[in-house]
Amino acid sequence: MTACAIEPAAADEDGGSPASGCAITVDGSYAARLARDGDCLFPERWTLDGPEPYAVPLPGNQPEEPGTEVQPMGDGRVLIRRLTDGRHAFSLLYPTGPATGELPLGAVECPEEGDRLRLLPPAPGGEKAYALAVGRHSSAVWLVAGGAFGPEHVAQIPGRCSGGVWLDRTGRMLALDREAGGRTKTVVVDLERAGEVSPLLQIAAESDDRLLLADPDSGLLLIRSDAPSPGEERLGWGVLGSTLPVRFPECLRAPGCTVTPFAVQPGQVLMPESCAVALRIDGPLGGWVGVWRPAERRMRHLPAPEGWLAGAGLWTEDGVLHLPYATAELPCAVARVEAPSGETGKAGGSGDAGPEDPERDGGTAVRAVSGASSPAVAEPPEPGPPAPVAPRPVPLQQAPLGNLVTN
């Protein structure tokens, strides 16, 4: 496998995973990034739902600072966050002929030293945008675009939070990785119930468990945890609504490299094992793309296009991976890669992860434990259907996680 040079991206200061080179709306219509003109940075919107992608520059009166964030909205405008004198100012940018129009939305203050704020991933629907403010002892979710009166405080969560994964198609259920008591566990924040917090991912009492990616259609979850190998974080997968253990396939391990999932094939309802997953692989000699399905026993390695906006991409329902890239010759382009057909297994018709044998692919299956004194253990999958459990958000290995949204 030959590694290709890709456009570098800064590491995510919250969770350590590399940040994406651009943000893409959930429906794949628009993307936004900070483009470079010499030493200057300026916002740029990409339109992706036409026959050919094209870019629209949205420069302001002066170049943007390196810490500025941009995010596309569903109507084609671009949300921008700028830090000025301790205040995070938000505006919507849009093209107005040769100039850039700007609609100020207001600002959020982070008065204490060490506080930080960043945009959360684009919300489903594209009408709203959220930001996560992390303080010394608690974290806050702000609605920064799409509200009635500027930025609105919508949730306060005890503990320092990171990550950010949407679990549904309505933009109601948000998963965050919360650090508390020296350990990191994933919780669910219900934005329509005043930020009600429920546990989601707790593999073992002494493990650090993070949710990296979720697909609302199939329920497939991509997880990073040190439960199966204390002291070493490994990539695993589970299913929303399943009582089977989280799996940690051996094929997802890449010694000396950082492996980060960034896109899941949508539309595979009740078929989590058939979903194609795209992974960014960063090694000492460069980066490339991995493609894997839970039903397969190996990951396939593909060269990244030159100038790939690293970590950015999306799948179509029919299994075509779109990777945006920019070069001097093609400043706005998308590479389309069909997922290798490869070997697949039978998809679980009930939405549970099927009876995968952990010895088949060299992986381990880790089940949650209920007491702090009990260690995580490797077990074979359950031979029969799961026992009935309470239909509420509880740790992944103890009860189904379906029906998170209640009326």
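**Exercise 1. Which residues form a nonpolar patch on the surface, and how much accessible area do they have together?**

Before we start: this is a predicted model, where local features need pLDDT of at least 70, side-chain atom pairs count only at pLDDT 80 or more, and totals for chains, interfaces and linings use all residues. Residues are numbered from 1 along each chain as its sequence is written, and side-chain values use heavy atoms, with hydrogens and water left out.

Step 1. A salt bridge puts a side-chain nitrogen of Lys or Arg within 4 Å of a carboxyl oxygen of Asp or Glu.

Step 2. The patch consists of Val269, Leu270 and Met271, with about 250 Å² of accessible area together (Shrake-Rupley method, 1.4 Å probe; for residues, only the protein chains shown count as cover).

Step 3. Zoom in on leucine 270, in the loop between β21 and β22 (277-283). Strands are DSSP runs (E, at least two residues) and helices are too (H or I, at least four), numbered from the N terminus. Leucine 270 counts as partly exposed because its relative accessible area is 42%; buried means under 20%, exposed over 50%, and partly exposed in between (1.4 Å probe, protein chains only).

**Exercise 2. Describe the protein chain as a whole.**

Step 1. Count the elements: there are 0 helices and 29 strands.

Step 2. Check burial: of the 407 residues, 54% are buried.

**Exercise 3. Find the aromatic pairs and say where their members sit.**

Step 1. Rings of Phe, Tyr and Trp (its six-membered ring) pair if their centres lie within 6.5 Å; planes under 30 degrees apart are stacked, over 60 edge-to-face, and the rest tilted. The whole structure holds 2 such pairs.

Step 2. Tyrosine 130 and tryptophan 166 make a tilted pair, 5.4 Å centre to centre with 55 degrees between the planes. Tyrosine 130 belongs to strand β10 (residues 129-134) and tryptophan 166 to strand β13 (residues 160-166), 36 residues apart. Both tyrosine 130 and tryptophan 166 are buried.

Step 3. Phenylalanine 262 and tryptophan 308 are tilted as well, at 5.5 Å and 50 degrees. Phenylalanine 262 is in strand β21 (residues 258-264), while tryptophan 308 is in the loop between β24 (300-302) and β25 (314-315). Phenylalanine 262 counts as buried because its relative accessibility is 12%, and tryptophan 308 does so at 0%.

**Exercise 4. Look at the phi angle of aspartate 85.**

Step 1. Most residues other than glycine have a negative phi.

Step 2. Aspartate 85 has a positive phi, near 55 degrees, and lies in the loop between β6 (78-84) and β7 (87-96).

Step 3. With a relative accessible area of 76%, aspartate 85 is exposed.

How values were computed
Patches are made of residues with over 30% relative accessible area and no salt bridge: like charges are joined within 9 Å, nonpolar side chains (Val, Leu, Ile, Met, Phe, Trp, Tyr) within 5 Å.
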